[in-house]
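I opened my notebook to look around one protein model, a stop at a time. Here is what I looked up, in the order I looked.

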Amino acid sequence: MKAIGYKKNLPIEDVNSLQDIELNTPKATGRDILVKIKAISVNPADYKVRAGMPVEGDDWKVIGWDATGIVKEVGEDVSLFKVGDEVWYAGDFTRQGSYAQYQVVDERIVGKKPSSLSFPEAAALPLTSLTAYEMLFDRLQVSKDDASKSILVIGAAGGVGSILVQLAKKLTKLNIIGTASREETTAWLKDLGADSVINHRNKLSEEFEKYNLAAPDYIVSLNATEQHADEIAKLIKPQGRFGFIDDPKTFNVMPFKAKAVSTHIEFMFTRSMFQTEDMIEQHNILNEVSGLIDNGTIKTTLGENFGIINAENLRKAHAFLETGKAKGKIVLEGF
């Protein structure tokens, strides 16, 4: 099968950072399904792993954690899917990824693809949907019926933010404050349902004062957490809940102590990496999001389509994603 992989951690400008390769097609056993991949999307996790995770031995590392496709084979213990089903998933951090024509994935982290979306439209959503849903309802434990609370989403116009804002708008009664720094991303967030949009290039506390916004009960930081940490501690309501998904080099929790703020880390791969007892919740979440899309409650966050799945186009996608200027998700489709 065709695949795109790497052997050395190289800057994306190097043609060897991602290469077109040929690998044996894997087989589905146990609870695994074999998926013929139709479309993928790229995430910050992709370039972070490509640049920083060494490859053991002489093997090729295939990355990618967002895919849509068709089930071609099922393991002997599979009960949730059958051959021919259209599926979507974000995969497992410890296994070969979705930059390939075929991929094996555990059925418990796979959902039914939204029937109302094309394969590339749907490919924009699995990882970000799981991350956003788990952050809101598993980590922060946001009430769906409490209209008295507000949430601040820092870096809200990216992939995770774009779906988190929609889920918060449609599934909760929260007042939603997003951050962006450009006219186009500000407009994007308002279209997705943000009640207010402030500029994260300025001090967040000054933006809150400028727009007369009340202290948020919840704050979610999707990027630049280290940069905003002091402002987050200053802004958040006493006994509030704070969650982040990025990788600050240091994070001091002590500024949160006086306010008794609880701090939460969301890592979408935890359930599959550790085979947790509730691993099947990702199957359930993906099916719920699929239903929300098909009934028109939320929409795809596809930003741009970078063409067919090959090394050249993936290098271009990584390079653009590394600029931090992406709006929504970058997808690729077909081989």
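**Entry 1: a loop residue**

I started with Leu18, which sits in the loop between strand 1 (2–5) and strand 2 (19–22). Before going on, I noted that this is a predicted model, in which local features need pLDDT of at least 70 and side-chain atom pairs count only at pLDDT 80 or more, while totals for chains, interfaces and linings use all residues. I also noted that residues are numbered from 1 along each chain as its sequence is written, and that side-chain values use heavy atoms, with hydrogens and water left out. Helices (H or I, at least four residues) and strands (E, at least two) are DSSP runs, numbered from the N terminus.

Is Leu18 buried or exposed? I found Leu18 buried, with a relative accessible area of 0%. Buried means under 20% relative accessible area, exposed means over 50%, and partly exposed is in between (1.4 Å probe, protein chains only).

I then looked up who touches Leu18, with contact meaning heavy atoms within 4.5 Å. Leaving aside neighbours within four places in sequence, the partners of Leu18 include Ile4, Gly5, Ile12, Arg50, Ile63 and Tyr99, as well as Ala311, Leu314, Arg315 and His318. Gly5 is 13 residues from Leu18 in sequence, and their C-alpha atoms are 5.4 Å apart.

**Entry 2: two helix pairs**

Arg50 and His318 turned up again when I looked at helix 1 and helix 10. The axes of helix 1 (residues 44–52) and helix 10 (residues 311–322) come within 9 Å and cross at roughly 105°. Axes here are lines fitted to C-alpha atoms, for helices over the stretch in contact, and angles run from 0 to 180 degrees between N-to-C directions. Helix 1 and helix 10 are therefore roughly perpendicular to each other. I wrote down the cut-offs: under 35 degrees is roughly parallel, over 145 roughly antiparallel, 65 to 115 roughly perpendicular, and the rest oblique.

Which residues in helix 1 meet helix 10? They are Pro44, Asp46, Tyr47 and Arg50, and they meet His318, Leu321 and Glu322 in helix 10. By class, this contact of helix 1 with helix 10 has three nonpolar, one polar and three charged residues. For the classes, Ala, Val, Leu, Ile, Met, Phe, Trp, Tyr, Cys and Pro count as nonpolar, Asp, Glu, Lys and Arg as charged, and the others, Gly among them, as polar.

Next I checked helix 3 (residues 126–139) and helix 9 (residues 281–294), which pack at an angle of about 105° with their axes 10 Å apart. Helix 3 and helix 9 are therefore roughly perpendicular to each other. From helix 3, Pro126, Ser129, Leu130, Tyr133, Glu134 and Asp138 meet Gln282, Ile285, Leu286, Glu288 and Val289 of helix 9. I sorted the residues of this contact of helix 3 with helix 9 into six nonpolar, two polar and three charged.

**Entry 3: a glycine and a covered helix**

Gly178 has its place in strand 9 (residues 175–180), and Gly178 is buried, with a relative accessible area of 0%. Not counting residues up to four places away in sequence, Gly178 touches Val153, Ala156, Leu189, Ser196, Val197 and Ile198.

In helix 7 (residues 225–235), I listed Thr225, His228, Ala229, Glu231, Ile232, Ala233 and Leu235 as buried. What covers them? The cover of the buried residues of helix 7 includes strand 8 (150–154), helix 6 (204–210), strand 11 (218–221) and strand 12 (241–244).

**Entry 4: positive phi**

Most residues other than glycine have a negative phi. I found Ala224 with phi near 55°, a positive value in a residue other than glycine. Ala224 lies in the loop between strand 11 and helix 7 and is partly exposed, with a relative accessible area of 29%. Gln275 has a positive phi of about 45°, and its place is in the loop between helix 8 (270–273) and helix 9. At 45% relative accessibility, Gln275 counts as partly exposed.

**Entry 5: the whole chain**

Last, I stepped back: the protein chain has ten helices and 15 strands. Buried residues make up 54% of its 335 residues.
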